[in-house]
Amino acid sequence: MAEQTPEKLVIIGNGMAPGRMLEELFEKAPGRYQVTIFNAEPRVNYDRIMLSPVLSGEKDYEEIIIHGDGWYIKHGITLYKGHKIIGIDRNAKTVTSDHGVTESYDKLVIATGSVPFIIPVPGKELQGVITYRDLDDVQAMLLAAQSREKAVVIGGGLLGLEAAAGLKARGMDVTVLHVMPTLMERQLDPAAGYLLQKAVEERGIKVLTKANTKRILGETRVEGIELEDGRIIPATLVVMAVGIRPNAGLAKDAGLAVNRGIVVDAGMKTSDGDIMALGECAEVDGMVYGLVAPLYEMARVAASHLAGDRKAAFVHSDTPTKLKVTGINLYSVGDFADGDGREEIVLRDATAGIYKRLVLKENRIIGSVLYGDTADGAWFNDLLKRGTDISEMRDTLIFGQAYQGGAPLDPTAAVAALQDDAEICGCNGVCKGKIVSTITSKGLTSLDEVRAHTKASASCGSCTGLVEQLMSLTLGDSYNPTAVQPVCGCTDLGHDEVRRLIKAKGLKTIPAVMQELEWKTSCGCAKCRPALNYYLVCDWPDEYADDYQSRFINERVHANIQKDGTYSVVPRMWGGVTNSQELRAIADVVDKFNVPMVKVTGGQRIDLLGIEKEDLPAVWADLGKAGFVSGQAYAKGLRTVKTCVGSEWCRFGTQDSTGLGIRIEKFMWGSWTPAKVKMAVSGCPRNCAEATCKDVGVVCVDSGYEIHFAGAAGLDIKGTEVLGLVRTEDEALEHIVALTQMYREQARYLERIYKWAKRVGLDEIRRQIMDDAEKRKAYYDRFVFSQKFAQVDPWSERVSGKDKHEFKPMATVGFNQAAE
Amino acid sequence: MTMNWIAIGDISEIPLRGARCVKTPVGKVAVFRTAENEVFAIEDHCPHKGGPLSQGIVHGNAVTCPLHNWVISLETGKALGADEGAVRTIPVKNDNGALFIALESLALAAAE
């Protein structure tokens with residue numbers, strides 16, 4: 001065929017539906033169209049379903065982008081960002097944007113989506129009243145959340161609850177108002193709605209049902225809400241999440257047939273043969289849609305028609321609903337109202353918070369509501385779609401697929417038993433056969449590849465587990481489910497995932513972490529328990545009770561175990577400075593306890609080696625009388641700050657390096673960190689304290705303090721990187737403390753600063769600590785807060801009797817007792 | 001052989017997921033109390049390099065040696081995972097919290 005000039009395809013709107021349509025179109029008819037997109041939002045196509053995780057802090061905007069700028073360039077698409085179309089001229093076949101750009105089209109696709117419904121009450125235009133629709137709304141909410149004040153969410157549906165959970169996770173005091181008696185009444189029956197309300201309330205979110213908003217109070221900014229019954233709820237932020245309506249105004253102005261939405265046929269054509277509409281703005285057969293699965297189905301149909309296949313037709317199907325609030329599992333699909341000729345099977349387990357209900361008609365499932373345990377959702381939905389007669393398995397149906405036919409409880413058995421056309425990914429309409437055949441034909445080995453090629457689990461992600469099970473079924477043992485290194489054999493989660501979930505789910509004890517994150521062992525192992533203990537100490541300094549049984553012996557007895565089972569004791573010498581009285585006390589201890597070896601350490605301390613465990617409390621008591629505290633030479637924490645004599649003595653010294661070292665050490669001692677932290681302060685660039693191979697170092701210069709970090713002088717040898725130069729000692733301390741706190745919050749257990757820095761990037765650390773004063777201050781404040789609970793001298797605690805069992809044998813027995 | 005049970009103390013003297021040691025003429029014995037409140041006694045001497053097992057982290061029915069992270073089963077005394085080796089287990093009796101051990105097997109071994 002001779003080369004043709006491509007036809008001009010213009011798309012109004014850049015959401016998920018047209019994005020998907022283009023992907024399908026480029027696959028079906030590459031090069032056929034020259035594409036131009038007008039996007040009222042000033043950005044590329046991103047995954048709107050994932051806005052809630054962005055709001056709650058579980059994901060960044062960058063992680064939810066579907067098509068980056070490169071994708072548009074690769075496909076030769078002209079994308080007008082921030083251009084809103086204000087008119088369609090159907091005679092001239094042109095569209096015009098609010099910035100005055102006019103573009104002609106051969107085919108036009110309208111994908112203007114929906115607009116949030118604003119309830120018409122007085123005060124709806126006040127500052128601080130927002131909707132929940134796009135990234136701008138999320139950013140507005142995040143800004144408002146910084147105040148940590150009160151928020152009211154109007155609407156107890158999917159979106160409203162996700163918004164409420166996100167705002168709560170960001171520290172706001174949140175109340176949800178819902179007009180109906182139970183939450184999510186369109187997707188859940190009252191029993192599941194009640195369980196959901198309880199779970200939401202357990203997260204500290206207040207829920208008021210049957211709450212009719214009368215007006216929003218305030219002068220220029222919102223101050224509260226008044227309900228019909230007279231109650232007043234104070235609020236500085238009001239989020240309206242009561243529903244959406246199709247955005248069809250533009251189409252109506254252009255004279256297209258518009259009902260609730262833009263009326264289209266099953267091929268997505270409007271009343272004008274050259275104009276199509278799809279997405280939330282389109283109305284097919286009297287229905288409008290808001291969930292992603294039918295919208296992607298529209299995209300597929302529209303792409304087929306644009307590519308010349310006129311047979312493709314949109315068919316309605318029930319879409320399962322899932323809530324994306326971490327820790328709350330619910331799933332509903334189909335019709336679950338009571339009615340004649342309908343029966344139901346219900347399973348309740350109040351303790352475990354599980355509720356399952358199947359609605360049957362003529363021995364077929366027509367609806368299902370699952371709460372708490374949703375693993376069988378896909379299977380029930382499959383039976384529903386197929387109209388399978390379930391009379392044979394009716395007795396055990398509610399227990400799920402694993403219990404049918406006495407099959408073993410192999411987690412992959414359920415997936416293996418699914419038919420090839422069983423739907424795995426509801427959002428993208430991907431069935432089992434497609435996933436399996438793509439894995440085989442393309443030789444895929446990672447989840448990301450499967451997502452890229454099939455789109456399965458690429459939208460809301462809730463079917464990730466199923467997709468992974470399919471991968472292990474198809475690939476056998478060669479499939480490594482997580483590219484991330486799991487913490488240990490007790491879990492499949494990596495350190496970063498665990499840290500994120502501890503924060504996101506508000507987990508505050510080791511058993512809670514293991515329960516919620518589905519640990520595979522009953523009480524962990526020697527690898528994960530110390531890590532979890534550290535993460536909890538770090539994240540909840542005021543609330544978490546340190547679990548000594550999850551600490552390595554050195555941190556439990558505040559001394560270092562040696563090869564023969566004796567211990568070494570290192571008293572703290574601030575900045576490496578000591579005096580005659582301290583030295584005398586040490587000498588006395590050495591004599592009194594026959595300490596076999598006294599050694600000067602690399603960190604400018606004195607180490608007493610070969611002390612019997614039973615003697616430790618007495619050794620500490622004597623050292624304590626001389627004013628010593630523990631040197632924490634055993635800790636994953638601040639060890640030592642090594643110094644040179646600096647400007648006080650040295651003829652080259654530029655600043656008081658000894659004084660700064662002592663100040664840092666007195667400020668930071670006792671803090672727990674992911675791995676040991678060794679510091680040093682040198683008084684001039686001759687660097688006698690060897691600050692440039694430390695975790696954190698300072699090199700004093702005439703103009704101030706050069707802060708270094710990420711050095712190593714152990715298994716690896718590495719010079720430090722420069723964080724930046726500050727002018728005063730106070731600034732030096734603030735920067736060092738903030739850097740340490742950032743490391744405390746982000747690093748994996750046992751990961752030294754240089755490894756962490758390599759992973760997150762030096763520039764990012766410099767940006768947050770040197771350039772962003774607000775972030776730096778916040779890190780600093782969190783460190784100071786946690787020190788209130790950490791700066792307790794463990795030696796004096798033990799001397800006063802804490803955990804004294806640790807240091808004595810339980811019993812001493814002889815054979816004479818045995819002969820009694 | 002009849003067992004001579006020697007009283008060593010009460011279960012409450014051992015922390016949950018922890019251990020205490022008992023000194024005997026034939027060496028130290030480590031007495032463990034697991035998260036499930038089960039009590040085990042083994043020689044306090046790792047088969048690898050003699051580390052004091054009573055100082056290790058207790059998880060499930062196993063302990064990780066504090067010196068080089070060998071994992072020893074409290075039930076069998078055998079090293080778990082890829083490592084090979086074993087320590088002797090010592091019979092323990094838990095009579096409503098009152099704990100007793102029987103040292104015959106250790107004594108015999110010492111007499112050999």
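Biologist: What share of the 112 residues in chain B is buried?
Modeller: Buried residues make up 50% of them. Buried means under 20% relative accessible area, exposed over 50%, and partly exposed in between, with a 1.4 Å probe and protein chains only. This is a predicted model, where local features need pLDDT of at least 70 and side-chain atom pairs count only at pLDDT 80 or more, while totals for chains, interfaces and linings use all residues. Residues are numbered from 1 along each chain as its sequence is written, chains are lettered from A and ligands numbered from 1 in the order in which they are written, and side-chain values use heavy atoms, with hydrogens and water left out.

Biologist: And what is the secondary structure of chain B?
Modeller: Chain B has one helix and 10 strands. Both are DSSP runs numbered from the N terminus: helices are H or I with at least four residues, strands are E with at least two. The order along the sequence is β-β-β-β-β-β-β-β-β-β-α. Chain B has a radius of gyration of 13 Å, close to the 13 Å of the globule rule for 112 residues, so it is as compact as a globular protein of that length. That radius is taken over C-alpha atoms, and the rule is 2.2 Å times the number of residues to the power 0.38.

Biologist: How many positive and negative side chains does chain B have?
Modeller: There are 9 positive and 12 negative ones in chain B, with the centres of the two sets 6 Å apart. Lys and Arg count as positive, Asp and Glu as negative; His and the chain ends are not counted. Each charge is placed at NZ of Lys, CZ of Arg, CG of Asp or CD of Glu.

Biologist: On to chain A. How many helices and strands are there?
Modeller: Chain A has 27 helices and 42 strands. Its C-alpha trace spans about 100 × 80 × 70 Å along the principal axes. Of its 820 residues, 51% count as buried.

Biologist: What part of the contacts in chain A with a separation of 6 or more is between residues 24 or more positions apart?
Modeller: In chain A, 61% of those contacts. A contact means heavy atoms within 4.5 Å. In chain B, the corresponding value is 39%.

Biologist: Where does UniProt place the FAD/NAD(P)-binding domain in chain A?
Modeller: The unreviewed UniProt entry puts that feature at residues 8-293. UniProt positions are in the numbering used here, feature names are shortened, and annotations may be inferred rather than shown by experiment. In the model, residues 8-293 of chain A are 24% helix and 30% strand, and the end C-alpha atoms lie 28 Å apart.

Biologist: Which residues carry the "binding site" annotation?
Modeller: The unreviewed UniProt entry gives it to Cys644(A), Cys650(A), Cys684(A) and Cys688(A). They span 45 residues in sequence, but no two of their C-alpha atoms are more than 10.8 Å apart, so they gather at one spot.

Biologist: Is Cys684(A) buried or exposed?
Modeller: Cys684(A) is buried, at 8% relative accessible area. Cys684(A) sits in the loop between β36 (677-682) and β37 (696-701) of chain A. Neighbours within four places in sequence aside, Cys684(A) contacts Phe652(A), Thr654(A), Val699(A) and Cys700(A). Cys650(A), by contrast, is partly exposed at 29%, and lies in the loop between α20 (646-649) and α21 (657-668) of chain A.

Biologist: Different topic. Why is helix α9 of chain A largely enclosed by the rest of the structure?
Modeller: Eight of the 10 residues of α9 (residues 377-386) are buried, so the helix is largely enclosed. Among them are Trp379(A), Phe380(A) and Leu383(A).

Biologist: What do the buried residues of α9(A) pack against?
Modeller: They pack against β25 (330-334), β27 (354-361), β28 (364-371), β29 and α13 (464-475) of chain A. Just after α9(A), Gly387(A) has a positive phi of about 65 degrees.

Biologist: Where is Arg348(A) found?
Modeller: Arg348(A) is in strand β26 (residues 342-349) of chain A. Arg348(A) is exposed, with a relative accessible area of 59%. Beyond its neighbours within four places in sequence, Arg348(A) is in contact with Ala191(A), Ile354(A) and Tyr355(A).

Biologist: Last one: which loop holds Gly429(A)?
Modeller: The loop between β29 (423-425) and β30 (430-431) of chain A holds Gly429(A). Gly429(A) is partly exposed, at 48% relative accessibility.
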